[in-house]
Amino acid sequence: DTLDIIRGKFSYRGYSDSLQAFTLYLEERSIWITVWARNKDHIKISGDVNYPELIQIEGGEVNNLLTAFKKDNRDIIKRKQDLRETIKANEETDLPASNEAFYFELAELKTILKNNALSFVENYPSSVASLILLNDYVLENEEPEKIAQSLSLITGSAKENRMYVMLNNLVSRLLALSLHKKAPEFN
């Protein structure tokens, strides 16, 4: 659906018995945020569209935990976004060679966020927020064995969530393709 923003606010009503992801696209679909909601959740969204990863979504357990993670990692997430913009600008102006140090710093920031997400999973194993952080910060930056170990910590209703099933299936495929494993049949 399309929402009209009037004086910086919008309202949307929907119906869902279970926790669902709703994606809001901004800036002609170049930026998006995901809101997790179910019936009777009242959600408040605030932040700077220039830093979409830092947009705060309050209301409901999952949104509140994810926003707390963002607040705890605000400086790291902001610097990561700034580095990405600098790298992009350098590549557009034929200065990609100057990006080497920026790529190194970006990798360090991703490692910090990955480790913080892994700690979060240990502290909140029964929350869908843990699955979201595994997907967003760990999946692309960690060995399949470590991801599988983190998934094994997931408990309760989070383990019944379809995101858990998706991550578990993906990790199983990655483990099957790991070094020193027998290659799957192909032709």
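Q: Does Val49 count as buried, partly exposed or exposed, and at what relative accessibility?
A: In this predicted model, Val49 is found in the loop between β3 (44-46) and β4 (56-58). Buried means under 20% relative accessible area and exposed means over 50%, with partly exposed in between. Because its relative accessibility is 27%, Val49 counts as partly exposed.

Q: Which residues does Val49 touch, not counting residues up to four places away in sequence?
A: A contact requires heavy atoms within 4.5 Å. With residues up to four places away in sequence left out, the partners of Val49 are Leu26, Glu27, Ile31 and Ile55.

Q: What distance separates the C-alpha atoms of Val49 and Ala117?
A: Along the chain, Val49 and Ala117 are 68 residues apart.

Q: In what order do the elements of the protein chain run from the N terminus on?
A: The protein chain contains seven helices and four strands. Read from the N terminus on, these elements follow the order β-β-β-β-α-α-α-α-α-α-α.

Q: What percentage of the residues of the protein chain count as buried?
A: The C-alpha trace of the protein chain spans about 55 × 50 × 35 Å along its principal axes, and the protein chain exposes about 12,600 Å², of which carbon and sulfur atoms supply 50%. Of its 187 residues, the share that counts as buried is 34%.

Q: How far apart do the centres of the positive and negative side chains lie?
A: The protein chain carries 23 positive and 28 negative side chains. The distance between the centres of these two sets is 6 Å.

Key: Residues are numbered from 1 along each chain as its sequence is written. This is a predicted model: local features need pLDDT of at least 70, side-chain atom pairs count only at pLDDT 80 or more; totals for chains, interfaces and linings use all residues. Side-chain values use heavy atoms; hydrogens and water are left out. Helices (H or I, at least four residues) and strands (E, at least two) are DSSP runs, numbered from the N terminus. Buried means under 20% relative accessible area, exposed over 50%, partly exposed in between (1.4 Å probe, protein chains only). Accessible areas come from the Shrake-Rupley method with a 1.4 Å probe; for residues, only the protein chains shown count as cover. Lys and Arg count as positive and Asp and Glu as negative; His and the chain ends are not counted. The place of a charge is taken as NZ of Lys, CZ of Arg, CG of Asp or CD of Glu.
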